[in-house]
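Please walk through the model below one part at a time. The text starts with a single side chain and then moves to the overall fold and the helices.

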Amino acid sequence: MDTEGYWWYAPATLMYVYFIKAKDFTGLALVTFYALIFISITAITSIVGLTIFPGAVRQMISNSSDVGMDLVYGKMGIAGYGYFAGITLI
């Protein structure tokens with residue numbers, strides 16, 4: 001099993017286990033609240049950015065996209081494919 005792409009699960013899992021073991025539900029609620037705020041902000045900026053430049057989706061998921069264009073889209077507020085693929089787990 002290739003676990004190279006799953007290293008980012010560890011911090012979230014450790015934080016969740018800590019809050020549950022410590023019975024710090026207020027802290028867990030606060031972290032969850034801020035996470036949802038950041039997810040909402042990124043979703044809104046992505047929608048606005050994709051409204052302005054709808055071709056960004058095709059360029060970002062194709063293998064021919066430049067690294068430079070990915071940076072430009074990031075500065076426009078458009079989240080990458082990995083971001084939206086990760087959000088589906090929520």
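Does Phe33 count as buried, partly exposed or exposed, and what is its relative accessibility? This is a predicted model, and in it Phe33 has a relative accessibility of 47%. Since buried means under 20% and exposed over 50%, Phe33 counts as partly exposed. Tyr34 is likewise partly exposed, because its relative accessible area is 43%.

The rings of these two residues can also be considered together. A search of the whole structure gives two aromatic pairs. In the pair of Phe33 and Tyr34, the ring centres are 5.7 Å apart and the planes stand at 65°, so the pair is edge-to-face. The cut-off for that class is an angle over 60 degrees.

Now to the fold as a whole. The protein has five helices and zero strands, and its pattern along the sequence is α-α-α-α-α. Of its 90 residues, buried ones make up 11%. Among the contacts between residues at least 6 apart in sequence, 46% join residues at least 24 apart.

Two of the helices can be followed in detail. H1 covers residues 9-21 and H2 covers residues 25-52. H1 has 13 residues, which should span 18 Å at 1.5 Å a residue, and the 18 Å between its end C-alpha atoms agrees with this. H2, with 28 residues, reaches 41 Å from its first C-alpha to its last, close to the expected 40 Å. The buried residues of H2 are Gly27, Leu28, Ser46 and Gly49.

Between H1 and H2 there is a loop that contains Lys23. Just after H1, Lys23 takes a positive phi of about 55°, in a residue other than glycine. Lys23 is also exposed, because its relative accessible area is 63%.

How do the helices on either side of this loop pack? Two packed helices are described by the angle between their axes and the distance between the axes. For H1 and H2 the angle is about 150° and the axes are 8 Å apart. That angle makes H1 roughly antiparallel to H2, as angles over 145 degrees are classed that way. H1 brings Met15, Tyr16, Phe19 and Ile20 to the contact, and H2 brings Phe25, Gly27, Leu28 and Val31. By class, seven of the contact residues are nonpolar, one is polar and none is charged. Gly27 and Leu28, which take part in this contact, are also among the buried residues of H2.

Key: Residues numbered from 1 in each chain as written. Predicted model: local features only at pLDDT ≥ 70, side-chain atom pairs only at ≥ 80, totals over all residues. Heavy atoms only, no water. Axes fitted to C-alpha atoms, helices over the stretch in contact; angles between N-to-C directions. Helix = DSSP H or I, 4+ residues; strand = E, 2+ residues; numbered from the N terminus. Parallel < 35°, antiparallel > 145°, perpendicular 65-115°, else oblique. Contact = heavy atoms within 4.5 Å. Nonpolar A, V, L, I, M, F, W, Y, C, P; charged D, E, K, R; others polar. Phe/Tyr/Trp six-rings, centres within 6.5 Å; stacked < 30°, edge-to-face > 60°. Buried < 20%, exposed > 50% of the residue type's maximum accessible area, 1.4 Å probe, protein only. Expected span 1.5 Å × (residues − 1).
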